[in-house]
Amino acid sequence: MSELSDEDRRTAERTGLAPSKIRFYETQGLIAPVQRQANGYREYLPHSVQLLQIIVTAQAGGFSLDEIRHLLPTAGMEKWNREKLIATLKHKVAEIELLQIRLRQNKTKLLEVIQYAETSNQPCGKHAERLMKKLTPLVRMRAASNNS
C-alpha cells in the first residue's frame with residue numbers, strides 16, 4: 001500500500017472518507033483530477049472537499065453516482081445548473097414519496113400475514129396456502145416496480 005501524503009490524510013479527515021474512496025470519486029470524474037506534487041502526492045483544491053461532502057450527502061439521500069455527476073457544479077463551485085438541480089431534486093422527492101407508499105402497502109400486508117399466522121389454527125398446508133395468497137400481491141407489486 002502506498003504511503004499517504006499529509007494532504008491525502010487531511011482531505012480524508014475533513015470528508016470522513018478513506019483516501020481510496022476519494023481517488024475512486026476522482027477516477028469516476030466526480031471531482032476534478034488533482035495535481036500531483038513533485039513527490040507524487042496529490043494536491044487537492046479547497047473546493048474538492050466541498051464537492052466530496054456534496055457527493056456523500058447526495059449518496060446518503062439516495063442519489064446514484066450518475067445522477068450526482070450531472071448535478072455537480074462545473075468550473076469549481078461557480079457554475080450550477082439551477083433548473084436541472086431543482087428538477088432533479090423534485091424528481092427524487094417524488095421517487096421517495098412513491099417508495100413510501102409502496103412500503104406502507106407492504107407493511108400493511110405483512111402485518112396482516114403476521115396477524116393471520118399468530119391467530120390461525122389451520123393445518124400447516126392450509127396455513128401456507130393462505131399466507132401465499134396474502135403475499136402474492138406484494139410479489140407482483142415488487143416485480144412491477146422493478147420492471148418500471
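Select Leu30 to begin. Setting aside neighbours within four places in sequence, Leu30 is in contact with Tyr25, Leu51, Ile55, Leu65, Ile68, Arg69 and Leu72; contact here means heavy atoms within 4.5 Å.

Before you move on, two notes on what is on your screen. This is a predicted model, in which local features need pLDDT of at least 70 and side-chain atom pairs count only at pLDDT 80 or more, while totals for chains, interfaces and linings use all residues. Residues are numbered from 1 along each chain as its sequence is written, and side-chain values use heavy atoms, with hydrogens and water left out.

**Stop 1: the whole chain**

Switch to a cartoon view. Helices (H or I, at least four residues) and strands (E, at least two) are DSSP runs, numbered from the N terminus.

Now show the surface. The protein exposes about 10,400 Å², and carbon and sulfur atoms supply 56% of that area; accessible areas come from the Shrake-Rupley method with a 1.4 Å probe, and for residues only the protein chains shown count as cover. Of the 148 residues, 28% are buried. Buried means under 20% relative accessible area, exposed means over 50%, and partly exposed lies in between (1.4 Å probe, protein chains only). Among contacts in the protein with a separation of 6 or more, 47% join residues 24 or more positions apart.

**Stop 2: the largest nonpolar core**

Which residues have the most contacts inside the largest nonpolar core? Select Tyr25, Leu30, Ile31, Ile55 and Ile68 to see them; the core has 16 residues. Helix 2 (19-27), helix 3 (46-60) and helix 4 (65-71) each supply at least two of its residues, and helix 3 gives the most, with 4. A nonpolar core is a set of buried Ala, Val, Leu, Ile, Met, Phe, Trp, Tyr and Cys residues joined through side-chain atoms within 4.5 Å. In soluble globular proteins, nonpolar side chains tend to be buried together.

**Stop 3: along helix 3**

Colour helix 3 next. Its 15 residues should span 21 Å at 1.5 Å a residue, and the end C-alpha atoms are 22 Å apart, which agrees; the expected span is 1.5 Å times one less than the number of residues. Its buried residues are His47, Ser48, Val49, Leu51, Leu52, Ile55 and Ala58. Past the helix comes Gly62, whose phi is positive, near 100 degrees.

**Stop 4**

Show the side chains of Phe24 and Tyr25. They form the 1 aromatic pair that a search of the whole structure finds. Their ring centres are 5.8 Å apart and their planes are at 55 degrees, so the pair is tilted. Rings of Phe, Tyr and Trp (its six-membered ring) pair if their centres lie within 6.5 Å; planes under 30 degrees apart count as stacked, over 60 as edge-to-face and the rest as tilted. Phe24 is partly exposed, at 32% relative accessible area, whereas Tyr25 is buried, at 1%.

Then pick Glu26, found in helix 2. Is Glu26 buried or exposed? At 15% relative accessibility, Glu26 counts as buried. Leaving aside neighbours within four places in sequence, Glu26 is in contact with Ile31, Ala32, Pro33, Val34, Arg42 and Tyr44.

Follow that list to Tyr44, in the loop between strand 2 (42-43) and helix 3. Tyr44 is buried, with 7% relative accessibility. Its C-alpha atom is 9.7 Å from that of Ile31, 13 residues away along the chain.

**Stop 5: helix 5**

Finish with residues 82-119. Helix 5 has 38 residues and reaches 55 Å from its first C-alpha to its last, close to the 56 Å expected at 1.5 Å a residue. Its buried residues are Thr88, Lys92, Asn106, Val113 and Tyr116.

Zoom in on Thr88, which has a relative accessible area of 18%. Beyond its neighbours within four places in sequence, Thr88 is in contact with Phe63 and Leu71. Stay with Phe63: Lys92 lies over the face of this ring, at 5.0 Å from its centre. A charge sits over a ring if NZ of Lys or CZ of Arg is within 6 Å of the ring centre and within 35 degrees of the ring normal.

Ala117 is partly exposed, with a relative accessible area of 34%. Draw a distance to Ala128, 11 residues apart along the chain: the two C-alpha atoms are separated by 9.1 Å.
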